[in-house]
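Hi everyone, thanks for coming. Let me put the structure up on the screen, and then we'll walk through a helix pair and a pocket.

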Amino acid sequence: MEIDRKKIPSYLMIAAIIGVVVFFNVSYLGDYVSANNEKIVDYALSDEDINPVREMAVAGLFYPADVYQLDKDLDGYLEHVASSLSTRPHIMVVPHAGYKYSAQVAAHAYKRLLPFENEIKKVLLLGPAHREYVKGVALAEAKSFRTPLGIVKTNDKITNELKQNPLFRPNARAHKDEHALEVQMPFLQKTLDKFTIVPMLYGQAEPKDIAQALLPYLKDDDTILIISADLSHYLKYDEAKKEDAQTAKQIELSIPLASHQSCGATGINTAMILAQELGFVPKLLDMVNSGDTSGEKTKVVGYGAWSYEEAEEEQELTGIELEEEHLQNFARHNKEALLSIVRNALNLAVEKHQVYKPGRDEFGDVLFNRGASFVTLEKNGNLRGCIGSLLPENAIAIDLANNAFAAAMNDPRFKPVTQDELKDIDFSISLLTNFEKIEFNSADDLLSKIQPHIDGLLIKDGKRQGLFLPAVWEKIPDSQEFLTELKIKAGLSPSHWSESIEVFRFRTVEIKDDRN
């Protein structure tokens, strides 16, 4: 049939209109017509459908929700804890408050896990239920817990075994908004490699019953029990210190705690029972309260960290090791008074250019025992002054006041601190042991006897001498470089060596001003 050429434009117009109509209809129907290749008969559950995840409840409230900020903060907390050799922890007691209040205390415990990061594979987490009434112990139904650092898997095997005990029952509601266990998980993720958790929240339960159920698992070399517990609540600062000191004494002697002594007394009492059964002994690692960390002292909450470890053979401490232990006890019981002396001295030095003179009517008699100290000032993380005394010739209160004035006003390396700067100044106190001479017969022999991150060193040759506090190891971790820089500080050549060189070691106990 012959096509009428005059009608071709009309045909093309009609075809175009049909095409546009079809296009828009297909686009409109695309939302309602399935074009997937999959069939519903092949539908499979996702991993999260099968293994529900307990989502974060207190990220952004108790600790940073931002992964980078959280990671940075955790690194900071752990770095501020001095490294020390220790036996493997089997039970730890750690606080569960907001990180700005208690994380530095918790870090004293978690730092002890780092040497065993590849050995500990199972973590039993036991804490009090704050938001739901629980009869017995609530197990988590979730197969994993999420934190900003990732997913932590629960241990199905142990959870299912505990379900056979009528004391333990699955209870997702109890775990949903609870903070006591969640705040522990980022620390675990930073200090352990591959591990699973058994989250447990107790309410009305007897410590002996919980201990009996958990005992078989604590006999495994790859398992640790973390007890989440704060100490006294809402007492005045001085009352809280006395109450928590009593609590620490009872833990040391395995005397059960009363409920008012700890938000976690049941957990700590469980730890005592297990420790007695397995031969573990408690070590107090750190103890403060929110008055120390926030400055508000009218109603405070106490925080402590303990590690239960296998009993070591008692070795009688001597020399500077014994002196260091004595200084630690002195610092723990007099921290606030020592910090107060330095604060008063700095304020008086900068504002009136006067030396502060602590009186016996202000401070306890023990602060007028003789001692040697250094006061170190920092501004924005940089050294701003450091002056100290080598020998215990003055009362420690007087020594600190004098050194604080000198660090602020008379350090020859810096201009005097101004009033505008004072608010930005952080300070730390170093309490010194006596000096112990290191015997050596060569430079290599000397290096082999220096203990990095533990020893402070004093080097002398003739009239030249230089001293580095143990804190300097944080900036110069290499022993050879440490010794070289110390020679330079003493005014000696980096390669200097002579038969008359003398080197002495000492230890310090550090006290930091935590207000900023």
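Before we start, one convention: an angle over 145 degrees between two axes counts as roughly antiparallel. Also, please keep in mind that this is a predicted model.

So, the helix pair. Two packed helices are described by the angle between their axes and the distance between the axes. Here the pair is α5, residues 156–163, and α8, residues 207–218; they pack at an angle of about 150°, and their axes are 11 Å apart. With that cut-off, α5 and α8 are therefore roughly antiparallel to each other. As for handedness, α5 and α8 make a right-handed crossing.

Which residues in α5 and α8 meet? On the α5 side we have Ile158, Glu161 and Leu162, and across from them in α8 are Ala213, Leu214 and Tyr217. Sorted by class, this contact of α5 with α8 has five nonpolar residues, one charged and no polar.

Three elements, α12 (319–352), β13 (370–379) and β16 (425–432), are the ones that give two or more residues to the lining.

Which element gives the most to the lining of the second largest pocket? That's α12, with four residues. By class, the pocket lining has eight nonpolar residues, five polar and two charged.

Technical notes. Residues numbered from 1 in each chain as written. Predicted model: local features only at pLDDT ≥ 70, side-chain atom pairs only at ≥ 80, totals over all residues. Heavy atoms only, no water. Axes fitted to C-alpha atoms, helices over the stretch in contact; angles between N-to-C directions. Parallel < 35°, antiparallel > 145°, perpendicular 65-115°, else oblique. Left-handed = near helix turned anticlockwise from the far one by under 90°. Contact = heavy atoms within 4.5 Å. Nonpolar A, V, L, I, M, F, W, Y, C, P; charged D, E, K, R; others polar.
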